[in-house]
Amino acid sequence: QKYVDDPLLMFDHKFDLRIYVLVTSFQPLRVYMYRDMMVRFASETYDTSKLTNTLSHLTNTSLNKYAPTQGQNRPGIGAGCKWNFDQLKEYFCQRDVDFQPIWGRIDNIVNLTLLSIAPSIAHNPPCFELYGFDIIVDKNFKPWLLEVNFSPALGLDEDIDHAIKIPLVADMIDTLQIKGIDAGFTPQGVEDEATRKVYSSRTQPRNPTELTAAQAARS
């Protein structure tokens with residue numbers, strides 16, 4: 001492992017990217033990259049003189065959502081510790097940075113990582129897996145893979161979680177063509193708000209190709 005000690009900072013804060021990847025088959029390898037992503041910020045400004053300060057060096061939401069500064073408006077970032085892909089693209093665009101080459105490298109990281117394990121995964125057509133690829137970008141705009149999470153957290157802690165994760169789950173259902181779940185239908189007895197939103201978000205049919213590929217994220 002290598003510690004990336006020269007991360008690209010936004011408003012003096014460290015951040016990483018959570019990329020959602022759905023694999024429906026390893027043999028042959030069939031990969032879908034979600035058109036949105038989660039940009040996750042550390043709660044405090046980056047400071048290499050205080051390596052023990054986890055709120056400065058770690059971007060994990062499970063940690064930063066309990067930070068004393070959570071909910072406070074931070075210059076440039078705003079309240080909370082997350083952005084979506086559109087906010088990230090706008091940030092780069094305002095600074096005349098082309099994000100497309102960065103995304104191309106991230107696309108390669110995802111594909112090569114999955115290709116490295118594909119031969120060892122048995123063919124099992126009914127199975128699928130949602131992965132969370134965590135990527136950090138250094139000051140030279142080179143992306144690095146931090147880790148790959150099985151079944152990444154889909155909790156709804158902030159408004160941005162609702163905006164990203166509910167359509168993600170709905171698109172996953174459509175892509176997997178799960179039968180017995182019709183658009184606009186909510187089973188009786190479902191009282192969980194997040195579950196109801198997944199069903200209601202499917203009242204308009206989705207094109208699974210929206211999930212697949214990188215060009216959707218590059219637009």
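Analyst: Note that this is a predicted model.

User: Why is Ser62 called exposed?

Analyst: The relative accessibility of Ser62 is 52%. Exposed means over 50%, so Ser62 counts as exposed.

User: Which distance separates the C-alpha atoms of Ser62 and Asp157?

Analyst: Their C-alpha atoms are separated by 9.9 Å, while the two residues are 95 apart along the chain.

User: How do you know that the buried residues of H3 are on the same side?

Analyst: In H3, residues 85-94, the buried residues are Phe85, Leu88, Tyr91 and Phe92. They cover an arc of only 125° around the axis, which puts them on the same side of H3. The face turned away from that buried side carries exposed residues: Asp86, Cys93 and Gln94.

User: What makes Asn84 a cap of H3?

Analyst: A side-chain oxygen of Asn84 lies 3.2 Å from the backbone nitrogen of Asp86, at the N-terminal end of H3. The cut-off for a polar contact is 3.5 Å, and the pair at 3.2 Å falls within it. After H3 comes Asp96, with a positive phi near 55°.

User: Which residues of the largest nonpolar core touch the most other members?

Analyst: This core has 31 residues, and those touching the most other members are Leu17, Ile19, Val21, Leu88, Phe99 and Leu114. Two or more residues come from each of strand S2 (13-26), strand S3 (29-41), H3, helix H4 (100-117) and strand S5 (129-137).

User: What else is Leu17 in contact with, leaving aside neighbours within four places in sequence?

Analyst: Its partners are Met37, Met38, Val39, Leu88, Phe99, Ile106, Phe133, Asp134, Ile135 and Val137. There is also a second, separate core of 10 residues, including Leu22, Tyr32, Ile160 and Met172.

User: How many residues does the protein have, and what share is buried?

Analyst: Of the 219 residues, 43% are buried, where buried means under 20% relative accessible area. The protein exposes about 11,800 Å², and carbon and sulfur atoms supply 51% of that area. Among contacts with a separation of 6 or more, 64% are between residues 24 or more positions apart.

Terms used:
Residues numbered from 1 in each chain as written. Predicted model: local features only at pLDDT ≥ 70, side-chain atom pairs only at ≥ 80, totals over all residues. Heavy atoms only, no water. Buried < 20%, exposed > 50% of the residue type's maximum accessible area, 1.4 Å probe, protein only. Helix = DSSP H or I, 4+ residues; strand = E, 2+ residues; numbered from the N terminus. Arc of directions from axis to C-beta. Polar contact = N/O pair within 3.5 Å; in protein donor to acceptor, adjacent residues only side chain to side chain. Core = buried A, V, L, I, M, F, W, Y, C linked by side-chain atoms within 4.5 Å. Contact = heavy atoms within 4.5 Å. Areas by Shrake-Rupley, 256 points an atom, 1.4 Å probe, with all protein chains shown as cover.
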